[in-house]
Amino acid sequence: MRIHGKVVVIAVCFGVFLLLYFLGGNAADDPLLKEVVDEEEEQESNSSPSHPELGRDVAAKFAKKPPAGVGVRAEEPPKRRKEGRASNRGAGVNAKSKPRSNVARPIFKRTRAEEVMHLAVVACGNRLDETLTMVKSALLFSLKRITFHIFAEDPLAPQFKERLNQWPRSISAKFQYRIYPITFSVGNADEWKKLFKPCAAQRLFLPVILKDVDSLLYVDTDVLFLRPMDDIWSLLKSFNSTQLAAMAPEHEVPKIGWYSRFARHPFYGVTGVNSGVMLMNLTRIRSTMFKNSMIPSGLSWEDLLHPLYQKYKNHITWGDQDLLNIIFHYNPECLFIFPCQWNYRPDHCMYGSNCKGAEEEGVSILHGNRGVYHDDKQPAFKVVYDAIRDFPFEDNMFQSLFYPIQTKFLDTVNTLCGRIPQVFLKQIEKTMRKVFEDKVVRHVRPHK
């Protein structure tokens, strides 16, 4: 009896379940419920032009599987569903409006305009070849397009045009350039031109001249990129709300730093900063009032330059770099400091290795000041410069660039800077490997 009793209970429960199931199925076919859904969809269609966000929310809601007993049944043919909706909404929808599906359609975002990096350089005298080698190094490794702003003396301008226009199309497609005359908006032009090195003070006026440029990387002519310019360009995103420029320290060790021992004027921080590689948010520079030692209120960048020079001209040694150090001494919150591997100079190795970042990651940007590209005082720097200058654009980078550098470095291991070849070779090898993978491996890999 007990077994028969259990069977009866199970049968009753199963019968109740079937009854509820069929009742639910009939409710799904109830025309009143279907009208409710159609009215909601009609409201969605009418509201979407003026409330796009609301329209997307409603579409997303109906994209989900409808709960049992509400909306369109899963087994209803798609064609029948569309016809039913069109007939129900026909009276209330403008003739130009198209019936909307209850399935969320993908939202196609407008593709952002390609970001272009801006690089400025000032060339006077015999700096044509050195400048072109710098430009070449930037193009070899960078990913985004670059606009070069070249400030040059009048005799150099046609030479730049001639040489740049001779480069292969595969390279010229990666950049555009503009050539500007040497100009100074305030003060005596001849005096500015002779400050420190010929034309070097031109960099101080870049925010004033390049008014249509938001951000810019300035480099000296004796700079070489050993990794993509994109990487230092990305540091702009690391600026906080007050920072508007970035430079590297002039030295890592205060006891042997120039500013900490000899400067006769205010300078930034403990060792000062080197302006040979300077990343700038020009928009912020143009809109900032800079604190100074001359008047209680701040001065704009352009209004500050000439009086600052007049006050300190008998106390500065390194010209425009000293003026920048004075400006950021009084406005330290405006400066972002990047590590020494982004502006690696002979000072980082000729007194013993003192750039820890370069020892760990390799040199990112090589700055051959002191004329080391053109003499034998620091042959490690000259090896890199000669290899990039002589590299044919469309040759294999490992065979025609990296291996010559690696081989010739063997002759420099007994020199002060050549004793640590990994500092010079680590980053450029890593960069070339990445370029090879992006250009070759990615294209031959089979599509899945």
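1. Basis. The model is predicted: local features need pLDDT of at least 70, side-chain atom pairs count only at pLDDT 80 or more, and totals for chains, interfaces and linings use all residues. Residues are numbered from 1 along each chain as its sequence is written, and side-chain values use heavy atoms, with hydrogens and water left out.

2. Disulfides. There are three disulfides, each a pair of cysteine sulfur atoms within 2.5 Å. In sequence order, the bonded cysteines pair as 1-2, 3-5, 4-6.

3. Cys124 and Cys199. Their sulfur atoms are 1.8 Å apart, and the link is left-handed, with -100° about the S-S bond. Cys124 lies in the loop between strand 1 and helix 5 and Cys199 in the loop between helix 8 and helix 9, so the pair ties together parts 75 residues apart in sequence. Helices (H or I, at least four residues) and strands (E, at least two) are DSSP runs, numbered from the N terminus.

4. Cys349 and Cys417. This disulfide has an S to S distance of 1.9 Å and is right-handed, at 85°. Cys417 counts as buried at 0% relative accessibility; buried means under 20% relative accessible area (1.4 Å probe, protein chains only), exposed over 50%, partly exposed in between.

5. Helix 14. Nine of the 11 residues in helix 14 (residues 320-330) are buried. Among the elements covering them are strand 7 and helix 13.

6. Gln427. This residue of helix 18 is buried, with a relative accessible area of 4%. Its contacts (heavy atoms within 4.5 Å) include Leu226, Arg227 and Glu361. A polar atom of the Gln427 side chain lies 3.0 Å from the backbone oxygen of Glu361.

Key
Polar contact = N/O pair within 3.5 Å; in protein donor to acceptor, adjacent residues only side chain to side chain. Lists of a residue's contacts leave out its neighbours within four places in sequence.
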